[in-house]
Amino acid sequence: MLISLHWFIFLLNFPVATWNIYRYIMVPSGNMGVFDPTEIHNRGQLKSHMKEAMIKLGFHLLCFFMYLYSMILALIND
């Protein structure tokens, strides 16, 4: 995105990419990944993980329709 000078799209995606990298780095050793099924149920974290997943789903849906609109607009203008 930076090479093609799409600054707005880069700035829109930067916080989510940073959050994903942070979550990946902060996984405790011994866990299978960010969403380790046994840890979610043991600590009762299911509700917070579901909230995070729904926020990310909403963000990705918003981005999908924005990218779709941009692609259609670019096809019409050419």
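Author: The protein chain has three helices and zero strands, where helices are DSSP runs of H or I with at least four residues and strands are runs of E with at least two, numbered from the N terminus. Along the sequence the pattern reads α-α-α. With a radius of gyration of 17 Å, well over the 12 Å that the globule rule gives for 78 residues, the protein chain is more spread out than a compact globule; the radius is taken over C-alpha atoms, and the rule is 2.2 Å times the number of residues to the power 0.38. Along the principal axes, the C-alpha atoms fill a box of roughly 55 × 25 × 15 Å.

A word on the basis: this is a predicted model, in which local features need pLDDT of at least 70 and side-chain atom pairs count only at pLDDT 80 or more, while totals for chains, interfaces and linings use all residues. Residues are numbered from 1 along each chain as its sequence is written, and side-chain values use heavy atoms, with hydrogens and water left out.

Now to your aromatic rings. The structure holds three aromatic pairs; rings of Phe, Tyr and Trp (its six-membered ring) pair if their centres lie within 6.5 Å, and planes under 30 degrees apart count as stacked, over 60 as edge-to-face and the rest as tilted. One of the pairs joins Trp-19 and Tyr-22, which is tilted because the ring centres are 5.6 Å apart and the planes stand at 35 degrees. Both residues sit in helix α1 (residues 7-25), and being three residues apart there, they are separated by about one helical turn. Trp-19 has 39% relative accessibility, so it counts as partly exposed, and Tyr-22, at 44%, is also partly exposed. Here buried means under 20% relative accessible area, exposed over 50% and partly exposed in between, with a 1.4 Å probe and protein chains only.

Another pair is formed by Phe-64 and Phe-65, and this one is edge-to-face, with 5.1 Å from centre to centre and 70 degrees between the planes. Phe-64 is partly exposed at 48% relative accessibility, whereas Phe-65, with a relative accessible area of 51%, is exposed.

Leu-61 is placed in helix α3 (residues 46-77). At 43% relative accessibility, Leu-61 counts as partly exposed. Its C-alpha atom is separated by 20 Å from that of Ala-74, 13 residues away along the chain.

Val-34 is worth a glance as well. With a relative accessible area of 29%, Val-34 is partly exposed. Leaving aside residues up to four places away in sequence, Val-34 touches Arg-23, Tyr-24, Val-27 and His-49, where contact means heavy atoms within 4.5 Å. Val-34 and Leu-46 are twelve residues apart in sequence and 12 Å apart in space, C-alpha to C-alpha.

Back at the level of the whole chain, 13% of the 78 residues count as buried. Among contacts with a separation of 6 or more, 47% come from residues 24 or more positions apart.
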